[in-house]
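Trainee: Before we look at any details, could you show me how to read a model like this one, feature by feature?

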Amino acid sequence: MPTKTNKYIRYSLIGVLALSFFAYWLLIAGMKPKYDIIFAVSFQHGLSIYLQNLLYILVFFQVLIARKVSNAIAVRKQTKKVISKLAGLIVVEWLLFWISFLGSYYLFKSHNFFKMGDFKFGLWILLAHMLLMLFLMLSLLLAYRLPFPYLKLSNFLCK
């Protein structure tokens, strides 16, 4: 019998998949055939401005849900375990988002990821964008212990 936590994790992972496929159809469908994945990720800005913020908000609410029971977790001395489980969930969501986004680009749009420039430079740009997103998502774990966690989210969204 699935618990409430397993059901919530399953729904959040389904939400991340839906968000990444929505990102593909929103950003890639209207692009000209000459553009590549770097244009969609870095220069079109829809992914960075809207969809990544939705993913940050999802992660933030997951941290806040665990924060509600932080007193009970601290009494049982399981804080490190809960934070590590949340970090693992964040990494899985990040990986799922990028695999489904890049996989759908590869399957439906083109088999060439880097058309407009050097392969190595494009790969570095893409990896830097992905790692920066992972770092920002993991830094949202600080909201677990901050006294006013909503200020942390407003700091992320206003940058």
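Predicted model: local features only at pLDDT ≥ 70, side-chain atom pairs only at ≥ 80, totals over all residues.

Trainee: How many helices and how many strands does the secondary structure of the protein chain come to?

Mentor: There are seven helices and zero strands, so that, read from the N terminus on, the order of elements is α-α-α-α-α-α-α. As for how these parts meet, among contacts in the protein chain with a separation of 6 or more, 81% are between residues 24 or more positions apart.

Trainee: How should I read the largest nonpolar core, and which residues touch the most other members?

Mentor: The general idea is that nonpolar side chains tend to be buried together in soluble globular proteins. Here the largest nonpolar core holds 36 residues, and Trp 98 and Phe 101 are the ones that touch the most other members. Two or more residues of this core come from each of helix H1 (4-27), helix H2 (37-43), helix H3 (46-67), helix H5 (79-108) and helix H6 (119-139).

Trainee: What describes a pair of aromatic rings?

Mentor: One gives the distance of the centres and the angle of the planes. In this structure the count comes to two aromatic pairs. One of them joins Phe 97 and Trp 98, with 5.5 Å centre to centre and 85 degrees between the planes, and this pair is edge-to-face. Both Phe 97 and Trp 98 are buried.

Trainee: Why does the distance between the end C-alpha atoms of H6 agree with the span it should have?

Mentor: The 21 residues of H6, at 1.5 Å a residue, should span 30 Å, and because the end C-alpha atoms are 30 Å apart, the two values agree. The buried residues in H6 include Leu 126, His 129, Met 130 and Met 133.

Trainee: Is Phe 60 buried or exposed?

Mentor: Phe 60, which is found in helix H3, has a relative accessible area of 0%, and because buried means under 20%, Phe 60 counts as buried.

Methods. Residues numbered from 1 in each chain as written. Heavy atoms only, no water. Core = buried A, V, L, I, M, F, W, Y, C linked by side-chain atoms within 4.5 Å. Buried < 20%, exposed > 50% of the residue type's maximum accessible area, 1.4 Å probe, protein only. Helix = DSSP H or I, 4+ residues; strand = E, 2+ residues; numbered from the N terminus. Contact = heavy atoms within 4.5 Å. Phe/Tyr/Trp six-rings, centres within 6.5 Å; stacked < 30°, edge-to-face > 60°. Expected span 1.5 Å × (residues − 1).
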